[in-house]
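Student: I'm new to this one and would like a guided tour. Can we go through it in questions and answers?

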Amino acid sequence: MSVINLGPDPYLDYQTNLIPKNKKEDYRNFEKESVADHVYNTYKLMHTNQNVDFVKRKHLEWSGCTHAEMPMMDAIMSLDQLVDESDPDVDFPNSFHAFQTAEGVRKEHPDKDWFQLVGLIHDVGKVMALWGEPQWAVVGDTFPVGCAFQDSIVFRDSTFKENPDDKNPRYNSKYGIYKANCGLDNVLLSWGHDEYLYRVLQFNKCSIPEEASNRPRRVILPWSRPDSVPRYVCVPSSQGLNMIRYHSFYPWHSQGDYMYLCDDKDLQMLPWVNEFNKFDLYTKASELPDVEKLRPYYQSLIDKYCPGVLKW
């Protein structure tokens, strides 16, 4: 696997600068002239190095959950050490964003404790950045690899020039290695915290039961070799898990792209992902929550759905 180095990790020069937002249009401004250099450079590293080969290797490296053992709340609080260098909206530790999101969900959906938990834990996969993974392989918007990179991806016009898949006829057509309406379960997205946490929750058999189908679906494992007999696994369909898995897939849920890869199940879960997205995005504010006051309530949700020491 060849990874191109475009200089030091932008996070090393990161400076705290709270930017309160007032209107929805103030969020996710990725205009090159407006965004901080570290945001653009993070996406440039991501879009240069995230390709089919890289993503398959990361699935093999992280999906076995052999890196650490700790309770969910410890993982959340470890994000005190992390500022997301891809986020143009806020410059404070990710642990605060976890509680902001959860409280936003709780206010509007007081009857859905599983939804509140999703809000709390959705970014916990970013712990990979604390264990040596560069942030460009952890944070930021996700996008499919193995097919053409669409214009809906942020900085598409200037950051993919050195990505080998963009020049590979096997991967740079509309469908690439996929078939029409194959379903997002069968599509490789760029590697990041969404997919990692999704795998951790499955590995540890964490239950997030809600009004979702419990019927297992037979899907191809992402790391199956293209020239070998596909390996399959049955996975449960869960809107809570889907919110976690796809919340950074902005080209799809916010820009309406890649619909030609979706099946009926994907279209059914899209409103849930969008419902979650408004809390993920619009609860970001410079006024930080009282974490110690909130911890007992959210610990009770963790004990209900993700108890004990988890393998990461």
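Tutor: Grid points are joined across faces, edges and corners, and a volume is the space filled by probe spheres set on the points. Keep in mind that this is a predicted model, where local features need pLDDT of at least 70, side-chain atom pairs count only at pLDDT 80 or more, and totals for chains, interfaces and linings use all residues. Residues are numbered from 1 along each chain as its sequence is written, and side-chain values use heavy atoms, with hydrogens and water left out.

Student: How many cavities of 30 Å³ or more are there?
Tutor: Rolling a probe the size of a water molecule over the atoms shows where empty space is left. With the rule above, the cavities of 30 Å³ or more number 4.

Student: What is the volume of the second largest cavity?
Tutor: Its lining has 11 residues, and H59, V187, L189, E195 and R245 lie nearest the centre. The volume of this second largest cavity is about 70 Å³.

Student: How do the residues of that lining divide into nonpolar, polar and charged?
Tutor: Here Ala, Val, Leu, Ile, Met, Phe, Trp, Tyr, Cys and Pro count as nonpolar, Asp, Glu, Lys and Arg as charged, and the others, Gly among them, as polar. For the second largest cavity, the lining divides into 6 nonpolar, 2 polar and 3 charged.

Student: How many residues of helix α7 are buried?
Tutor: Helices are DSSP runs of H or I with at least four residues, strands are runs of E with at least two, and both are numbered from the N terminus. Buried means under 20% relative accessible area, exposed over 50%, and partly exposed in between, with a 1.4 Å probe and protein chains only. E195, from the cavity lining, is one of the buried residues of α7. Helix α7 (residues 193-203) is largely enclosed by the rest of the structure, because the buried residues number 9 of the 11.

Student: And what about α8, how many of its residues are buried?
Tutor: R245, another residue lying near the centre of that cavity, is among the buried ones in α8. Helix α8 (residues 239-246) is mostly covered, with a buried count of 8 of its 8 residues.

Student: Which residue just after α7 takes a positive phi?
Tutor: Most residues other than glycine have a negative phi. Just after α7, a phi of about 55 degrees belongs to K205.

Student: Where is F155, and is it buried or exposed?
Tutor: F155 also has a positive phi, near 60 degrees. Its place is the loop between α5 (113-121) and α6 (156-159). Its relative accessibility is 8%, so F155 counts as buried.

Student: What is the phi of Y258?
Tutor: Y258 sits in the loop between α9 (250-253) and α10 (264-282). At 0% relative accessibility, Y258 counts as buried. Its phi is positive, near 65 degrees.

Student: How many disulfides does a search of the whole structure find?
Tutor: A disulfide is a pair of cysteine sulfur atoms within 2.5 Å. The search of the whole structure gives 0.

Student: How many residues does the largest nonpolar core have?
Tutor: A nonpolar core is a set of buried Ala, Val, Leu, Ile, Met, Phe, Trp, Tyr and Cys residues joined through side-chain atoms within 4.5 Å. M72, I76, L120, I121, L201 and W312 have the most contacts inside the largest one, whose residues number 84.

Student: Which residues does H47 contact, leaving aside neighbours within four places in sequence?
Tutor: Contact means heavy atoms within 4.5 Å. H47 is in helix α1, and its 0% relative accessibility makes it count as buried. Its contacts are F143, I153, V154, T159, F160 and N163.

How values were computed
1 Å grid on protein atoms, 1.4 Å probe; cavity = no way out; pocket = protein on both sides within 12 Å on 5 of 7 lines; lining within 4 Å.
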